[in-house]
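The following note is written for a student who is reading a structure of this kind for the first time. Please keep the sequence and the model at hand while going through the numbered points.

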2 protein chains.
Amino acid sequence: MTEPTHAVDPVRLRAYFALIEVSGLLRHAIEQQLQADGDLTFVRFQILRRLQLSPAGRQRMTDLADAIVFSRSGLTYQAGLLEKVGLVVRNPSPDDERGVTIAITDAGRALVDAVMPGHEAVVDRLLFSQLSQDDARTLTALLTPVRDHMREAPPRSARPRRARS
Amino acid sequence: MTEPTHAVDPVRLRAYFALIEVSGLLRHAIEQQLQADGDLTFVRFQILRRLQLSPAGRQRMTDLADAIVFSRSGLTYQAGLLEKVGLVVRNPSPDDERGVTIAITDAGRALVDAVMPGHEAVVDRLLFSQLSQDDARTLTALLTPVRDHMREAPPRSARPRRARS
DNA sequence: TAGGTTTGCTTCGAACTCGAAGCAAGGTGA
DNA sequence: TCACCTTGCTTCGAGTTCGAAGCAAACCTA
């Protein structure tokens, strides 16, 4: 257990570990709830929710992939599954023949609405039972700049694509 | 985009989304760095780091799986890979013939030490460039109770096993 | 407007993940 | 001590994930 050559700032280390661990546990719990309440995985739920929040319930594949931090090929696969069960539809983008637009269907919206109460219950129970309203605000204030910075300064490859105008 | 029946507290919602998004982006970036610097995945890195921090560099399989929020079967698979390249060794637990103890080797320690500087660099660049020392402390203060609460109150099944004495 | 590059998505193969089932060792109670 | 339940790990099969390669449309630029 002797310290390696580089001394790590323990304050930052703890924050980093806590973040990783909380998100892991939270995601794990959410996965269970979504499976039980709507036969959804977390990824599929994220896809549907993003679409539901998008104007007209539709988005470009690439933009959607970036929004949920997911590979393009993975999204193609999941979109295929969701389309097969009628929760989304895919169409060529009107403005760009290469592009594909994915849109949520009424059934998709209904499913999201159906699982949302349980979803919120889990998040409330695990995350917000320990955080006051102010705490939540503080957390957002801390993490928002971090997120924005990450989106701008991609690690190596795998860059977020240009913003759509 | 009419609101569904349940009104969601937007403050909490933002905090939750920010958390999920930041951890996703962070993990993604870390994955790249570990791959480049040490041919490691995030999971394998977590396994090695946990072991390195454990007394005598060893732990029970089950306890390790709980510590990193990972399935037992998944851990068996990864442990097999790590053992094959000499970064860990597995042995029957001395006190319980069923149990398996996994221990980090010198090569494993060396590899962790080798990737740590790059690892910290990524975390610093993405996470802590946007957070002051105080911010980091605040973040830890917010997330630590959450983590502890999650560990105690598992979602449904998949509960953390008894603490080892 | 032809050639080459870039962009957007899908296909493909390999690796990873999980839960269920399997198997062996550890309890436990009559 | 013998059945029976529990515990700890592994094996197995099915589903998921990713990057690389493939392909077509779009965008240069001369």
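1. In which loop of chain A is the place of A:S93? The residue belongs to the loop between β2 (88-92) and β3 (100-104) of chain A, where helices (H or I, at least four residues) and strands (E, at least two) are DSSP runs numbered from the N terminus. The model is a predicted one, in which local features need pLDDT of at least 70, side-chain atom pairs count only at pLDDT 80 or more, and totals for chains, interfaces and linings use all residues. Residues are numbered from 1 along each chain as its sequence is written, chains are lettered from A and ligands numbered from 1 in the order in which they are written, and side-chain values use heavy atoms, with hydrogens and water left out.

2. A:S93 has a relative accessibility of 2% and therefore counts as buried; the term means under 20% relative accessible area, with exposed over 50% and partly exposed in between (1.4 Å probe, protein chains only). Apart from neighbours within four places in sequence, A:S93 is in contact with A:R60, A:G99, A:V100 and A:T101, contact meaning heavy atoms within 4.5 Å. A:S93 and A:R60 are separated by 33 residues in sequence, yet their C-alpha atoms are 7.7 Å apart.

3. Chain A as a whole contains 6 helices and 3 strands, arranged along the sequence as α-α-β-α-α-β-β-α-α. Of its 165 residues, 47% are buried. Among the contacts in chain A with a separation of 6 or more, 52% join residues 24 or more positions apart.

4. At the interface, 70 residues of chain B are in contact with 71 residues of chain A. About 6,800 Å² is buried between the two chains, and carbon and sulfur atoms give 70% of this area; buried area is the accessible area (1.4 Å probe) that two parts lose on being put together, summed over both. B:R12, B:Y16 and B:M150 supply 10% of what chain B buries against chain A, more than any other three residues. Because 99% of the interface residues of chain B are also interface residues in chain A, the copies meet through the same surface.

5. α6(B) bends by about 25 degrees at B:L143, and the proline B:P145 follows within four residues. The bend is the angle between axes fitted to the seven residues ending at a residue and the seven starting there. The buried residues of α6(B), including B:L143 and B:M150, pack against α1 (10-38), α5 (106-126) and α6 (133-152) of chain A.
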